[in-house]
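Please read them with the coordinates open.

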Amino acid sequence: MLKIEQQISAWVDKNSTALIEELKEFLRIPSLTGYEGEAQKFVKAQYEKLGLAVDVFEPDVRELFEKYPDVAQYPTSWEPELDLVIPTTDICTYQQWLESGYADQLNYKGRPNVVGVLKGTGGGRSLILNGHVDAVTVGDPNNWEHDPFGAEQVGTRIYARGSSDMKGGLLACAKALEALQDIGAKLRGDVICQSVVNEEHAGNGTLACVARGYKADAAICADGGIVIKTETGGGIYWQIRVSGREVHTGGRWYGRQMYGVSAIEKAAEIIHSLCEAEQQANEDAIRLSLGIGTIQGGTYATATAASCTISGVAYFSAAMGIGEAGIQAVKDLLRNAVDKVAKEDAWLSEHQPELTFTHYDDAYVYPKGHELLSVLCSAGEEMLGKPMQVGAMSACDARHLGNRGGMPCLVCGPGTGPAHAANEFIDTEVYLGYIKLLALTVYRWCG
């Protein structure tokens, strides 16, 4: 009789055409953040076909803020006019969401999570397989060489928005279970497949699964590429509004006294302070990556700007702090950089810049010595024929599974193409190989 790894490999090879065609079908269903409902129907059908106990539920915004006040976020949507539109000076709150004027547009009506549970025979270790169904905006369609929702295949590449990040990984979780079922493999431990909404710019889908009580001995988030990630960083989206005094440039000076103050020139001082803080944080190692994304201010070239808004992000590694501590440390760094300028500048000391936050993620680190890593590494090496690489990545839902759910979580997926960019794609050979390594990992962990 063939070994289990040989049976898994043979099943995937035999069914490769059907697996790829089914992936294309899934990718042709648009699932931009805020509009995940139709794609979740596809996932639900997949889980039901496998005989899983299926739970379909919409995240409860109030429950998330009550249980996790320091990390719960506002629901988001992909449209620019609805994306990250509720600023806060400290943490997001349920009351602010209700009073924002966006609660009727930014919620989870028609945007359910779908969870499928495969019960084991008993006595084995359980495992969560987690993935998000939502995808970011297409951006400028003219930058795409292929239809973003056409799932066109060129060679081994399938082009589609959400293919690499991360509908490929999400579907692969179900296909790994299908492979094990078809070859007759028995599992003692439970396997919980989670297809969650609003991972992008929120993470509330996975947080809702934790709040609902889904728990396992370990978890795999099928995000990113085939490299195993044992650390995920955090990220904070921020805005700084600076005030000036608008006058015609010809009236900027009263004798030797400056009267017209441009908010843009004061914003430049703040930007310099932020960059200094970044350099100090990275003095010994790179811990913080500061992005000055946009700057908007002024109305005329011939007048000093009455206001200016700087927007950006601060991505950070776990070295800045894990969980809520890391978020607080980076917020304080930003606050201190702004306060430093405000104390030293006469105008800003009387016209305080306003720092607000529109989103924040925390960092997570997989516990050293936990056995799932060795199981995943050995399965990957056997099924792919080469050693697995181990690294880190930016923020993902591993933070909620690990930091809130208390479950050791690894991040590893079949993503290959440029996520969040035009011409996103997934490589079919990588996708099929990932199904093999995931199926073997599930068997060895839960069997």
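1. I begin with helix 6, which lies across strand 5 and strand 18 and runs at about 50° to strand 18. Please keep in mind throughout that this is a predicted model. Helix 6 spans residues 163-182 and is mostly covered, since 18 of its 20 residues are buried. Just after helix 6, Gly184 adopts a positive phi of about 80°.

2. The strands under discussion belong to an open sheet of 3 strands, whose order is 4-5-18 and whose pairing is antiparallel. Strand 4 (152-154) and strand 18 form the edges, each of them pairing on one side only. On average, and with direction ignored, neighbouring strands of this sheet are turned by 25° against each other.

3. How many bridges join strand 5 to strand 18? There are 3 bridges between these two strands, which run antiparallel, and Ile158 stands opposite Ile426 of strand 18.

4. Helix 13, residues 428-446, also deserves a look together with this sheet, for it lies across strand 4, strand 5 and strand 18, and it runs at about 60° to strand 18.

5. Helix 13 has a further partner in helix 1 (residues 4-14): the two axes come within 10 Å and cross at roughly 145°, and the crossing in which helix 1 passes helix 13 is right-handed. On the side of helix 1 the contact is made by Ile4, Glu5, Ile8, Ser9, Val12 and Asp13, while helix 13 contributes Leu432, Ile435, Lys436, Ala439, Leu440, Tyr443 and Arg444.

6. Turning to the aromatic residues, the count comes to 6 aromatic pairs. One of them is formed by Tyr159 and Phe425, a tilted pair with 5.7 Å from centre to centre and 55° between the planes. Because Tyr159 lies in strand 5 (residues 157-159) and Phe425 in strand 18 (residues 425-427), this pair ties together parts that are 266 residues apart in sequence. Both Tyr159 and Phe425 are buried.

7. Is the pair of Tyr254 and Tyr259 stacked or tilted? The ring centres of Tyr254 and Tyr259 are 4.8 Å apart and the planes stand at 10°, so the pair is stacked, given that planes under 30 degrees apart count as stacked. Tyr254 has a relative accessibility of 52% and therefore counts as exposed, whereas Tyr259, at 30%, counts as partly exposed.

8. Lys331, for its part, lies over the face of Phe357, at 5.0 Å from the ring centre.

9. My last point concerns Thr232, which is placed in strand 8 (residues 228-232). Is Thr232 buried or exposed? Thr232 has a relative accessible area of 1% and is therefore buried, the limit for this class being under 20%. When its neighbours within four places in sequence are left aside, Thr232 is in contact with Ala363, Tyr364, Met393, Ser394, Cys396, Ala398 and Val411.

Note on methods:
Residues numbered from 1 in each chain as written. Predicted model: local features only at pLDDT ≥ 70, side-chain atom pairs only at ≥ 80, totals over all residues. Heavy atoms only, no water. Buried < 20%, exposed > 50% of the residue type's maximum accessible area, 1.4 Å probe, protein only. Helix = DSSP H or I, 4+ residues; strand = E, 2+ residues; numbered from the N terminus. Phe/Tyr/Trp six-rings, centres within 6.5 Å; stacked < 30°, edge-to-face > 60°. Lys NZ or Arg CZ within 6 Å of the ring centre and 35° of its normal. Pairing = 2+ DSSP bridges. Axes fitted to C-alpha atoms, helices over the stretch in contact; angles between N-to-C directions. Contact = heavy atoms within 4.5 Å. Left-handed = near helix turned anticlockwise from the far one by under 90°.
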